[in-house]
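Please keep the sequence and the model in view while reading.

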Amino acid sequence: MKNRFILLLFAIPFLACNNQVKEKKGKIMEGANVEATIDSLINLMTVEEKIEMIHAKSPFVSSGVKRLGIPDLIMSDGPYGVRLEQGDDYAPKPNVDDEATYLPKGLTLASTWNAELGYEFGKVLGSEAKERGKNIILGPGVNITRSPLNGRNFEYLGEDPYLSSIMAVGYIKGVQDQGVAACVKHYLANNQEFHRTTVNVLMSERALREIYLPAFKAAVQDGKVLAVMGSYNKFRGQYCTHNQYLINDVLKKEIGFNGLLVSDWGAVHNSREAMLNGTDLEMGTDISMMPKPDYNKFFMADSALALVKNGEIPLSVLDDKIRRILRVMFKTSMANNNKTGERNTKEHQQTALKIAEEGIVLLKNDNILPLNMESVKSIAVIGDNATHKHSMGGGSSQIKAKYEITPLEGLKTVCGNNVKISYAAGYKLSKNNEIDEKLIAEAVKLAKSSEIAIVVGGWIQNWSVSTWSDNVLDSEDTDKPNMNMPFGQDKLIQEVIKANPNTIVVLIGGGPVDMNLWVNQAKGIIQAWYPGMEGGNALANIISGKINPSGKLPMTFPKKLEDCPAHKLGEFPGKNDVVNYFDDIFVGYRYYDTYKVAPQFSFGHGLSYTSFEYSDLKLVADGKNVKVSFSVKNTGKKEGAEVTQVYVNDVEASVKRPEKELKGFSKVFLAVGESKKVEMVLNESAFSFYDETKKSWVMEPGEFKIMVGSSSSDIRQTKSIKL
Ligand code: GLC
């Protein structure tokens, strides 16, 4: 009886919270009453119940406290769609209704440079996570593209901290407005997959503050993200997931993160460190215990209980973890069920299409695109990637897509009956990269007999529609060996172009390839990333001119790997499990522009079927802020969107600073002949650098150059200002 009384009495705060929340018409509880409710719950929990809450009870679930009405916490991958259901052995569960909307993969979203689409992306993801009963969705991934070889670049948002921050914040707000917690990852400096669980990353404080930390700081301070995932690697000698400096000092104290730090799966290695250095929830340690995991053997289970009981770990440290977990519960719809999600709706699929259409990048166009489907008679579509499906590839971010439109299917739709479209594989997937001359010959024959040839190639993520173990090249747990396209694609493309100069190359993948052998001969080049379930339609809509492309590269495409700063100045992937980021703050265009190394295609580059004119750049100093305004006009024959980019250069700096840094952008949609005025305010942070001696951001007075342009190398207007 007594227990039941306690249950009733103390489940009330949780239930009451529910009712209060209902009274407030679903307004999620905030401020003092959440904290007060949390304190009352903590005071009623036994230490054993608290320990139960800070480690997994199955692959993607951690315990609540049934006695007090506190529910289990349910998590799911991934960053661009709710992952298929897995069993206690992590194997896909059969016969489950877990098909989902497969949104375009990370880099595609980043290439839209459209913050509103970031929100729309998150809204779909959050809604589908809610519908599938998930409380935390494990995304966005925001690790900076330091080398083109990183296997997981496809999942992230590119090389620039400012662009990554803006896109991540939109995504996080979209997810969390659906009553689901987002979980920004992988904190931090998880910029390679080679030896990801052991490699020790060494970098300067400036590189940390100016390049690798900003997207996480924005996720917390602007996005109000409720969860952060600690990464596998070490940082300055300590595992990131239980890193005193990164988690306790920087993330929680300095940045003010009061949500939940969850480990990456199997990233915890030490009980004391995990308890004292800021890990709030340990997941995935069962992976190393298969096939019979014992959840009491997690580092933050029995051994942590012993440390608390013998006084080595203060109870207050444990309580802080519980508080953070409960905050996630109270700040999501776990505390109020006023949100019901949706899955596989037409609207969700339309959002996937829109993001792909705005994220696909037109790199080169020698008067061949768009194709006029009224007059073109025949098209040869060549390449395995024209028919390959990618949703299940890439590792933990895999999606069982409701459907996936391939490039060939999309092209057939736009060709209708008046264009003869034919297909040849051109190359075949092989583990040892052999060139199939027969396939090349077939493709060449088809190209010769067609008006237009479209080669769809690039990287792949999985050999078949299988799961984890078959991932290759563009995938978690592996880095690419080099920038060369596999399976003899370079030879194929050269031969096809020889047979038919009207050749367009479409690249699928998570980053640049070495295209030196054919970049000057191909008339059109399109970067399509992994464009999601509607990717084939988006690509076809761009090729046929139904959609005017507006995507811009979120990373530099170097001419060759040796030009890349991580490989030229720094180490990649390091040796003896240590990787030195000697490239420091000179990542991407910050390097190429400062060291005058011409890339193949620049950061921020992307062509349109129309043209834009910039004029009237004005700068007005307002204290330490600068009001920037300029006009953009559509001077071409098609409506279109332009991503106007604003870069800053510190002309007189006491430290070495990049030739330019992105500090603002705005995507403007313009009808033919229409002109719009763009205005933005650059605040002090846009002019500051991190001073390692002062251990703070510093804006040195003096001259600054403000550059406005269509890409980092296509600057249209420049003005200087003294601050
Ligand atoms: C993986 C990934 C992480 C994912 C987690 C759960 O190893 O690094 O991104 O969310 O485990 O699957």
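A cavity is a set of points, on a 1 Å grid over the protein atoms alone, where a 1.4 Å probe fits but cannot get out; a pocket is an open set with protein on both sides within 12 Å along at least five of seven lines, and lining residues have an atom within 4 Å of a point. Grid points are joined across faces, edges and corners, and a volume is the space filled by probe spheres set on the points. The model is predicted: local features need pLDDT of at least 70 and side-chain atom pairs count only at pLDDT 80 or more, whereas totals for chains, interfaces and linings use all residues. Residues are numbered from 1 along each chain as its sequence is written, and side-chain values use heavy atoms, with hydrogens and water left out.

By this rule, there are four cavities of 30 Å³ or more. The largest cavity holds about 110 Å³ of space. Its lining comprises 16 residues, and H390, E404, P407, I508 and P531 are the closest to its centre. Helix α17 (residues 535-543) contributes three residues, the largest share of this lining; helices (H or I, at least four residues) and strands (E, at least two) are DSSP runs, numbered from the N terminus. Residues are classed as nonpolar (Ala, Val, Leu, Ile, Met, Phe, Trp, Tyr, Cys and Pro), charged (Asp, Glu, Lys and Arg) or polar (the others, Gly among them). In these terms, the lining of the largest cavity has eight nonpolar, seven polar and one charged residues.

The second largest cavity has a volume of about 80 Å³. Among the residues that line the second largest cavity are T145, R146, M555, C564 and Y592. By class, six residues of this lining are nonpolar, four are polar and two are charged.

Attention now turns to the open spaces. The largest pocket contains about 770 Å³ of space. Of the 32 residues that line the largest pocket, Y162, S165, P214, K663 and S685 lie nearest its centre. Domain 2 (44-331) and domain 4 (612-722) each give at least three residues to this lining; the domain bounds come from an automatic or database domain assignment. Elements that each supply at least two lining residues include α7 (205-212), α8 (214-221), β21 (661-670) and β22 (675-682), while α6 provides the largest share, five residues. The lining of the largest pocket has 14 nonpolar, seven polar and eleven charged residues.

The ligand has 14 residues around it, of which D77, K185, H186, Y232 and D264 come nearest; a residue is near a molecule if one of its heavy atoms lies within 4 Å of it. A polar side-chain atom of D77 lies 2.6 Å from a ligand oxygen atom, and an N or O atom in the side chain of Y232 is 2.7 Å from an oxygen atom of the ligand. These are polar contacts, that is, pairs of N or O atoms within 3.5 Å. The ligand taken alone exposes 310 Å², of which the protein buries 95%; accessible areas come from the Shrake-Rupley method with a 1.4 Å probe.

The peptide bond from K185 to H186 is cis, with omega near -5 degrees, and H186 is in strand β5 (residues 181-187). L369 and P370 are also joined by a cis peptide bond, with omega about -5 degrees; P370 lies in the loop between β11 (361-365) and β12 (378-382).

Technical notes
Polar contact = N/O pair within 3.5 Å; in protein donor to acceptor, adjacent residues only side chain to side chain.
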